[in-house]
Amino acid sequence: VTRHAAAPLDSLPSPGLLRVEIDGRALCLARVESGEVYAIDDVCTHEQASLSEGFLLGCEVECPLHNSRFDLATGEVRGFPATEDTVAYETHVGEDGVVYVDFP
Ligand code: FES
């Protein structure tokens, strides 16, 4: 596992979504109502829309293009038309106020 600094926590809307790039990989960070922070791949598994431009619904994100939904904690598809799960990453908020994402 490698831990990467993703963004300062206070740069995330609360609640809301933020696109970040780490090592050429685009991620969608999400801060939900409870304050919990999640990270999944930003590119929709359906037709490559940017999920961070979509909508946060509880602990799910809805794609802005055709409204597929993904579980932020697991990356699982929760609504069609996407059929392929996305990747969810472990996140960690450091004492330095930075959101870190673990790549496997
Ligand atoms: S591109 Fe996301 S649902 Fe089609």
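Figure 1. Tyrosine 89 is buried, at a relative accessible area of 7%. The model shown here and in the other views is predicted. A single aromatic pair is counted in the structure. This pair is formed by tyrosine 89 and phenylalanine 103, whose rings are tilted, with 5.2 Å centre to centre and 50° between the planes. The two residues come from distant parts of the chain, 14 residues apart: tyrosine 89 lies in strand E9, and phenylalanine 103 lies in strand E10 (residues 98-103). Phenylalanine 103 has a relative accessible area of 4% and is therefore buried, the limit being under 20%.

**Figure 2. The six-stranded sheet.** Six strands make up an open sheet in the order E1-E10-E9-E4-E3-E2, and their pairing is antiparallel. Strand E1 (2-8) and strand E2 (16-22) are the edge strands, each of them pairing on one side only. On average, and with direction ignored, neighbouring strands of this sheet are turned by 30° against each other.

Figure 3. Strands E2 and E3 run antiparallel and are joined by seven bridges. Two of the cross-strand partners can be picked out in this view. Valine 20 has leucine 27 in E3 as its bridge partner, and leucine 18 is partnered by leucine 29, also in E3. Two residues lie between the strands of this hairpin, and aspartate 23 in the turn has a positive phi of about 50°. Strand E3 is largely enclosed by the rest of the structure, because six of its seven residues are buried.

Figure 4. Strand E4 (residues 37-41) is mostly covered, with five of its five residues buried. Towards E3 (residues 25-31), the pairing is antiparallel over five bridges. Alanine 30 stands opposite tyrosine 38 in E4. The hairpin of E3 and E4 has five residues between the strands, and glycine 35 takes a positive phi near 100° there. Towards strand E9 (residues 88-93), E4 pairs in the antiparallel sense over two bridges. Here the bridge partner of isoleucine 40 is alanine 88 in E9.

**Figure 5. The four-stranded sheet.** A further open sheet is made of four strands in the order E5-E6-E7-E8, with antiparallel pairing. Strand E5 (55-57) and strand E8 (77-79) stand at the edges; each has a single partner strand, so one side of each is left without a neighbour in the sheet. From one strand to the next, the twist averages 30°. Within this sheet, strand E6 (residues 60-62) and strand E7 (residues 69-71) run antiparallel and are joined by three bridges. Across this pair, glutamate 60 stands opposite aspartate 71 in E7.

Figure 6. One cavity of 30 Å³ or more is found in a search of the whole structure. The largest cavity holds about 30 Å³ of space. Its lining includes Cys44, His46, Glu47, Gln48 and Ala49. Also among the lining residues are Cys63, Leu65, His66, Asn67 and Ser68. By class, the lining is made up of four nonpolar residues, five polar residues and one charged residue.

Conventions: Residues numbered from 1 in each chain as written. Predicted model: local features only at pLDDT ≥ 70, side-chain atom pairs only at ≥ 80, totals over all residues. Heavy atoms only, no water. 1 Å grid on protein atoms, 1.4 Å probe; cavity = no way out; pocket = protein on both sides within 12 Å on 5 of 7 lines; lining within 4 Å. Points joined across faces, edges and corners; volume = space filled by probe spheres on them. Nonpolar A, V, L, I, M, F, W, Y, C, P; charged D, E, K, R; others polar. Pairing = 2+ DSSP bridges. Axes fitted to C-alpha atoms, helices over the stretch in contact; angles between N-to-C directions. Buried < 20%, exposed > 50% of the residue type's maximum accessible area, 1.4 Å probe, protein only. Phe/Tyr/Trp six-rings, centres within 6.5 Å; stacked < 30°, edge-to-face > 60°.
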